[in-house]
Amino acid sequence: MDATPRRGSGSATVVVVWAAILAIMTLVSILPIFLYDVDLSTLSFGSDIPIVVGVGILLTGYAPAFAALLAVRVVPGSGGIRRLLAPAVRWRVHPVWYLIAILGPIGLFLVGDVIRSLLGLEVPPAWLALPSASALAFLAGALIAGSFGEEVGWRGLAQPRLQQRRGALAAAIVVGVLWSLWHLWPVLTPGGFALTGVSGVALTFMRLTATSVVYAWLLNSTRGSLLIVMLAHAGHNIAVRVVPLPPGTQQGDPVTALLYVAAAVLVVLFYGANWLSKSPGVSNGPALALSPHSS
């Protein structure tokens, strides 16, 4: 059986319900920050904060996936939980996609350092680094939250359903804007905007919308393998720790953002805006691309 709902209003309905649940879950998760007046600009990995605040912040990382699981459970004809999660274990794709997903972000970050060096901009003391023990502990949680906690919602539920009606590029842009808005929840909290700034907000929209296009390309080019997208998300989080950014760019690196934009433009130029893919299966529609029998 097809793992994706057929074209129609049902796909749009489940996306709207998912977005509403995601907004509510995120707001509830960050509520303790306001109740305890926790200033995010003063926090570090070892900060002593109320446990309810820590749990709330942790839950925000999984809100997109939890909201997706709830949405397909409550919206009739949306496919159900099993079908939602099936693409996350679709591993039978060409090995080159694994290399692109895992090593691509590290390569992109290194290209960024080359560009900085050529332009005479500040570069990090070391272009490659081994994360500290505390950073590794944080990275382990970030990999799980970023890969499963986020992608089951963004590319597991929203992208394939939206592109049925609007095409892959338009869907990716919509998902990218939603992704950016959700990622910017800290600006609503005490000290959050001071930590992010106007430039950080703008760069978040630029980078994540472009990354959304790249991830849609990975999804459709692998016939709906959410696993590859999850690995790419994990690859980015690994690259952030392995390829240090120059001082002062942690809240928004314009070079990295522009490189993701360049990657997105190349994807659109070479693969087309309709499906962001050259795969014959995908060109016939997203239903085939997300069929559980695709490989």
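The legends below describe views of one predicted model.

Local features need pLDDT of at least 70, side-chain atom pairs count only at pLDDT 80 or more, and totals for chains, interfaces and linings use all residues. Residues are numbered from 1 along each chain as its sequence is written, and side-chain values use heavy atoms, without hydrogens and water.

**View 1. The chain has 12 helices and 0 strands.** Helices are DSSP runs of H or I with at least four residues, strands are runs of E with at least two, and both are numbered from the N terminus. Of the 295 residues, 48% count as buried, meaning under 20% relative accessible area with a 1.4 Å probe, protein chains only.

**View 2. Helix 3 covers residues 63-74.** Its 12 residues should span 16 Å at 1.5 Å a residue, and its end C-alpha atoms are 16 Å apart, which agrees. The expected span is 1.5 Å times one less than the number of residues. Buried residues in helix 3 include A63, P64, L69 and V72.

**View 3. The second largest pocket holds about 360 Å³ of space.** Of its 18 lining residues, G104, L108, V214, W217 and A263 are the closest to its centre. A pocket is an open set of points on a 1 Å grid over the protein atoms alone, where a 1.4 Å probe fits, with protein on both sides within 12 Å along at least five of seven lines; lining residues have an atom within 4 Å of a point. The volume is the space filled by probe spheres set on the points, which are joined across faces, edges and corners.

**View 4. Helix 10 gives the largest share of this pocket's lining, 7 residues.** Helix 5 (95-119), helix 8 (192-221) and helix 10 (254-271) each give two or more residues to the lining.

Definitions and conventions: Buried < 20%, exposed > 50% of the residue type's maximum accessible area, 1.4 Å probe, protein only.
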